[in-house]
Amino acid sequence: MVQEIVFHLGDCKTGTTSVQSVLAQGAWETDAGVGADIVYPARFNHIPLAKTLSVPAEADFEAERFARVRAAFDDSDAAHGVISAEHFEFVDPERVARAIERHLP
């Protein structure tokens, strides 16, 4: 299980895609080694996850999408789990906090 969850909430048009590209490709190196220490459970980003909290038509997918992320974090020995989506900028921070409490305690 990951020890810490990091939310990368980069605003649109601020270079978030570059960060997500590195994360999705596992193209980082830490003291733990290349691609180690971080688990990033997304093909590219977590925009669909963020949209479950901001787009009414996506709300029905909230539990399922958060459960997939939670399972990846639970199954990993990485120190850090990372979620990255610039679309979290469109979500009320209190709503994000409630979702974290509900799905990623």
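In β5 (residues 80-84), Ile38 has His80 as its bridge partner. The model is predicted, so local features are reported only at pLDDT of at least 70 and side-chain atom pairs only at pLDDT 80 or more, whereas totals for chains, interfaces and linings use all residues. Residues are numbered from 1 along each chain as its sequence is written, and side-chain values use heavy atoms, with hydrogens and water left out.

**The sheet**

Helices (H or I, at least four residues) and strands (E, at least two) are DSSP runs, numbered from the N terminus. Three strands form an open sheet, ordered β1-β5-β4, with parallel pairing. The strands β1 and β4 stand at the edges with a single partner strand each, so one side of each has no neighbour in the sheet. Two strands are taken to pair if DSSP finds at least two bridges between them. Between β4 and β5 the parallel pairing runs over two bridges, and between β1 and β5 it runs over five bridges. Within β5, His80 stands opposite Glu4, and Val82 stands opposite Val6. Strands of a sheet pair through backbone hydrogen bonds, either parallel or antiparallel.

Strand β5 is mostly covered, as four of its five residues are buried. Buried denotes under 20% relative accessible area, exposed over 50%, and partly exposed the range in between (1.4 Å probe, protein chains only).

**Helices across the sheet**

Axes are lines fitted to C-alpha atoms, for helices over the stretch in contact, and angles run from 0 to 180 degrees between N-to-C directions. Helix α1 (residues 16-25) lies across β1, β4 and β5 and runs at about 140 degrees to β5. Helix α3 also lies across β1, β4 and β5, at about 155 degrees to β5.

Helix α3 has 13 residues and spans 18 Å from its first C-alpha to its last, close to the 18 Å expected at 1.5 Å a residue; the expected span is 1.5 Å times one less than the number of residues. Its buried residues are Glu62, Arg65, Phe66, Val69 and Phe73. They cover an arc of only 95 degrees around the axis, which puts them on the same side of α3; the arc is that of the directions from the helix axis to the C-beta atoms. These buried residues pack against β1 (4-8), β4 (38-39), α2 (47-51), β5 (80-84) and α4, where contact means heavy atoms within 4.5 Å.

**Salt bridges**

The structure holds four salt bridges, each defined as a side-chain nitrogen of Lys or Arg within 4 Å of a carboxyl oxygen of Asp or Glu. Among them are the following.

| Pair | Closest N and O atoms |
|---|---|
| Glu58 and Arg65 | 2.8 Å |
| Glu62 and Arg102 | 2.6 Å |
| Arg68 and Glu64 | 2.9 Å |

In the salt bridge between Glu62 and Arg102, Glu62 belongs to helix α3 (residues 62-74) and Arg102 to helix α4 (residues 93-103), so the pair ties together parts that are 40 residues apart in sequence. Glu62 is buried, at 11% relative accessible area, while Arg102 is partly exposed at 49%.

In the salt bridge between Glu58 and Arg65, Glu58 is partly exposed at 21% relative accessibility, and Arg65 is buried at 15%.

Arg68 and Glu64 both lie in helix α3, four residues apart, about one turn of the helix. An α-helix has 3.6 residues a turn, so residues three or four places apart point the same way. Glu64 is partly exposed, with a relative accessible area of 44%.
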